[in-house]
Amino acid sequence: MFTIEIETNYTKVVALDDYGEHEDLELYIEDNGTVFIRQFCPELNEFQVCDISYKQLLDIANSIGEKDGIYRTRVEPVK
């Protein structure tokens, strides 16, 4: 299950673990294309954060189910 909240300058996506084994995964997609991914770490009592580009996020999504190899995600410009 996941939620989406659209704010003024970013979109927040929260992916919840259906089995309750993992902490929620939060994605903050900024208007400038920067994506922040964070997840709370109970052992450290803090959020762990990654800063990636939107293109990297698309690469991750497109990698699901692929075989070994090198791939390139092509993004068409918005018209």
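Reader: How many salt bridges does the count come to in this structure?
Author: The model is a predicted one, in which local features need pLDDT of at least 70 and side-chain atom pairs count only at pLDDT 80 or more, while totals for chains, interfaces and linings use all residues. Residues are numbered from 1 along each chain as its sequence is written, and side-chain values use heavy atoms, with hydrogens and water left out. A salt bridge is taken to be a side-chain nitrogen of Lys or Arg within 4 Å of a carboxyl oxygen of Asp or Glu, and by this rule the count comes to two.

Reader: In what order do the strands of the open sheet stand?
Author: Two strands pair if DSSP finds at least two bridges between them, and here β1 and β2 (residues 10-15) run antiparallel with five bridges, while β2 and β3 are joined in the antiparallel sense by six. Beyond these, β3 (residues 25-30) pairs with β4 (residues 34-41) over five bridges, again antiparallel, and eight bridges join β4 to β5 (residues 46-53). The open sheet therefore has five strands, counted as DSSP runs, in the order β1-β2-β3-β4-β5.

Reader: Which strands are the edge strands of this sheet?
Author: The pairing in the five-stranded open sheet is antiparallel, and the twist averages 15° from one strand to the next. An edge strand here pairs on one side only, and the two that do so are β1 (2-6) and β5.

Reader: What angle does the direction of helix α1 make with that of β5?
Author: Helix α1 (residues 54-63) packs on the sheet, touching β3, β4 and β5, where contact means heavy atoms within 4.5 Å. Axes are lines fitted to C-alpha atoms, for helices over the stretch in contact, and angles run from 0 to 180 degrees between N-to-C directions. On that basis the direction of α1 makes with that of β5 an angle of about 95°.

Reader: Which residues make up the largest nonpolar core?
Author: A nonpolar core is a set of buried Ala, Val, Leu, Ile, Met, Phe, Trp, Tyr and Cys residues joined through side-chain atoms within 4.5 Å. Some of the residues concerned also face one another in the sheet, for Val 13 stands opposite Leu 27 in β3, and Leu 27 stands opposite Ile 37 in β4. β3 and β4 each supply at least two residues of this core. Its seven residues are Val 13, Leu 27, Ile 29, Val 35, Ile 37, Ile 52 and Leu 57.

Reader: Which side chain of opposite charge is nearest to Lys 12?
Author: Lys 12 lies in strand β2 and is buried, yet has no salt bridge. Lys and Arg count as positive and Asp and Glu as negative, while His and the chain ends are not counted. Not counting residues up to four places away in sequence, Lys 12 touches Thr 3, Ile 4, Glu 5, Glu 26, Leu 27 and Tyr 28. The nearest side chain of opposite charge is 4.3 Å away and belongs to Glu 5.

Reader: What is the value of phi near which Asn 45 lies?
Author: Asn 45 is found in the loop between β4 and β5, two strands that form a hairpin with four residues between them. Asn 45 is exposed, with a relative accessible area of 59%. Its phi is positive, in a residue other than glycine, and lies near 55°.

Technical notes: Buried means under 20% relative accessible area, exposed over 50%, partly exposed in between (1.4 Å probe, protein chains only).
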